[in-house]
Amino acid sequence: MPDLFRRDLPASVVVFLIAIPLSLGIAAASGAPLMAGLIAAVCGGLVAGALSGAPLQVSGPAAGLTVIVAGVVADFGWAGTAAVVALAGLVQIGLGAARLGRTALALSPAVVHGMLAGIGVVIALSQLHVVLGGEAQSHAPGNLLDLPAQILGSHTPSVLIGLLAGAIMLIWPKLVRTSLLPAALIAVVAATLTAMLAGLDVARVDLPDQPLDAIVLPSWPSASVGAIAIAVVTIALVASVESLLSAVAVDKLHEGRRARLNKELVAQGVANSVSGLLGGLPVTGVIVRSSANVAAGARTRASAIMHGIWVAAFVLLCAGLLEQIPLAALAAVLVVVGLRLVDLGHIRAYVRHRELPTYLVTALGVIAFDLLTGVALGMAVAALSMLWRVARCDVRSTEIRPGHWLVNVTGTACFIGSARLARELAALPEAHSVEVELHLDYLDHGAFETIRDWRDAYERTGGRVAVREVHDSWFHRATAGRLGSARSRPPRFLGSWSRWQAHDRGGRDAMAAGIDEFERSVAPLVRPHLAGLARAGQQPEQLFITCADSRVVPNLITGSGPGDLFCVRNVGNIVPVFGAPDSSVGAAIEYAVDVLGVSVITVCGHSGCGAVRAMMSGGAPLDTSLGRWLSKARTDVADDNEESCIAANVVQQLANLRTYPSVAAAITEGRLRLAGLYFDLAQTRMYTVDEEQGLQRPIPAA
């Protein structure tokens with residue numbers, strides 16, 4: 001209840017102030033009665049808000065449907081359009097009941113945003129004519145062709161009103177950050193006051209004296225069933241996609257409950273059916289109002305519901321004020337809103353992801369033809385782009401030194417690209433040493449045979465071929481299947497030297513082969529990060545003390561990278577007590593705490609530890625270096641259970657850590673904590689070690 005008055009009530013007022021001018025403007029741009037926009041705003045708040053699966057989303061008439069509704073109104077009249085809206089709501093209810101909410105999100109975002117950009121341009125072109133004192137045509141190309149003559153012949157006062165409202169829409173958000181004074185409201189109020197004070201003769205909002213008596217009830221359109229069905233499905237699908245995308249976007253703006261998309265789809269359907277039956281515009285979730293709702297501090301669905309109440313009360317009690325608003329002011333607001341649908345951030349993102357053609361084709365198709373044609377063209381381009389990427393295979397040959405060639409094959413190697421792959425391989429000089437490095441997402445049988453047959457033929461002529469795979473083992477798995485041998489390997493980044501380099505060692509030792517592999521495959525990936533660390537110095541998050549066992553790889557088992565861990569490795573992950581003769585571990589501890597300022601020190605033991613086994617069997621002779629080192633563990637290992645002994649060893653080393661003054665002081669000041677871990681090699685599972693209870697739960701907890 002406290003949130004209702006402290007959070008939701010103020011937020012509902014903000015959304016209400018945004019909804020009034022936008023609802024009127026969208027109704028005017030759609031060719032619908034102005035009351036239709038206000039009815040939709042009320043239904044979006046009361047009905048969709050009460051049933052919503054995305055409580056912080058605000059619904060109402062949306063600019064994204066303006067072009068579609070304008071076409072339906074032109075074909076069926078307003079009463080017929082209201083019936084189409086009601087039927088579209090029933091389709092949405094069916095989609096939600098069938099749990100198809102997430103299916104709408106499978107549509108390429110490039111197509112969706114291209115569609116919205118095209119709609120935005122169409123809205124801006126049509127409403128620009130209204131700002132200039134003229135009338136808009138029903139299609140964008142005609143509006144564009146008539147625009148120069150309209151600009152040259154416009155000398156009406158509406159131009160001044162429109163320019164004033166448009167300028168405020170652009171400048172106000174940069175001057176005033178508070179959401180309590182939305183730009184659309186300020187633009188309309190300022191333009192209205194200017195027109196009233198200056199006595200300008202401009203077209204204004206025309207509402208009936210009795211709003212409830214002016215509601216246009218739906219009637220069945222006088223058109224073919226096919227035409228009606230197309231209109232119903234179009235409005236239902238576009239409204240659904242826009243609402244679901246808005247719900248997903250709103251989820252990113254807050255930390256509360258995530259949207260339930262199927263429930264939200266049903267709520268939108270019910271709201272559209274009610275809006276259509278009352279003679280209102282289609283309803284969708286609107287990101288502009290929803291983001292303002294979140295920014296204003298809303299916590300529950302009460303904000304959306306109350307905004308609908310305020311709209312209804314204002315229409316019934318203050319209709320006279322609305323009739324003072326110049327239509328040019330509403331049109332100017334819609335021009336800016338439409339142009340903002342062309343989001344430069346989306347364009348930059350699609351340039352990076354090479355999806356700009358899909359975006360542009362969709363937008364231009366909507367502008368030049370109609371929404372369905374534009375979306376169909378965009379989906380066709382998206383499908384062709386996907387097929388091109390799937391079938392794309394890049395082949396590059398380089399002579400790395402005299403007589404030695406490197407062939408990089410990247411992408412997807414399938415039969416479509418086999419001819420090009422064969423040409424590139426055939427162009428290599430005979431009797432040389434060739435290394436074919438495969439960076440492949442997929443290798444089909446046709447491309448596999450191309451590489452295999454070329455390799456066999458090349459080796460018969462005196463050449464040498466080594467096939468290396470970086471990310472997977474498509475080629476070697478297929479080869480193993482053909483030869484009946486176990487030549488498949490793990491990915492090179494994870495496999496040990498003995499697993500991956502024997503077949504192409506070429507006389508080099510394992511270290512040299514590994515360094516060569518690092519410089520070839522890994523170094524290009526980590527070079528920017530390491531270059532930054534080289535400039536800035538190391539700032540690790542923790543000191544990691546673990547065993548020198550060759551099977552334990554700290555960065556691998558912790559998922560960490562360069563610069564994350566300051567590591568100390570020794571036999572048995574032992575920490576000598578402070579003041580012990582061997583000071584190397586102590587020096588590392590003090591450097592980590594006092595110089596690097598780590599916040600965590602972790603001691604990690606592991607299964608099958610040879611040091612602990614030696615301690616369990618009585619330890620090594622004290623006249624050996626190993627025996628003297630193990631004696632520093634000071635661990636009671638009388639237990640026959642190896643796992644318990646390893647955990648006890650970790651606990652003992654944590655206790656030894658506390659003997660260091662630097663560690664004790666940092667723990668007391670709250671800037672350092674100690675942690676114990678146990679890594680099970682066979683299970684590849686990490687467990688926590690508690691200093692009092694020993695081995696504890698696995699990480700992550702089951």
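This is a predicted model: local features need pLDDT of at least 70, side-chain atom pairs count only at pLDDT 80 or more; totals for chains, interfaces and linings use all residues.
Modeller: Local features need pLDDT of at least 70 and side-chain atom pairs 80 or more, while totals for chains, interfaces and linings use all residues. Residues are numbered from 1 along each chain as its sequence is written, and side-chain values use heavy atoms, without hydrogens and water.

Biologist: Is Arg99 buried or exposed?

Modeller: Arg99 lies in the loop between helix 3 (66-97) and helix 4 (109-131); helices are DSSP runs of H or I with at least four residues, and strands are E runs of at least two, numbered from the N terminus. Buried means under 20% relative accessible area, exposed over 50%, and partly exposed in between, with a 1.4 Å probe and protein chains only. Since its relative accessible area is 63%, Arg99 is exposed.

Biologist: What class does Met616 fall in, buried, partly exposed or exposed?

Modeller: Met616 is found in helix 24 (residues 610-616). Its relative accessibility is 28%, so Met616 counts as partly exposed.

Biologist: How far apart in space are Met616 and Gly365?

Modeller: In sequence, Met616 and Gly365 are 251 residues apart. From C-alpha to C-alpha, the distance between Met616 and Gly365 is 77 Å.

Biologist: Which residue in the turn between strand 3 and strand 4 has a positive phi?

Modeller: Strand 3 (residues 393-401) and strand 4 (residues 404-413) run antiparallel and are joined by eight bridges; strands pair if DSSP finds at least two bridges between them. Val395 stands opposite Val409 in strand 4. The two strands form a hairpin with two residues between them, and the residue with a phi of about 85 degrees is Gly403.
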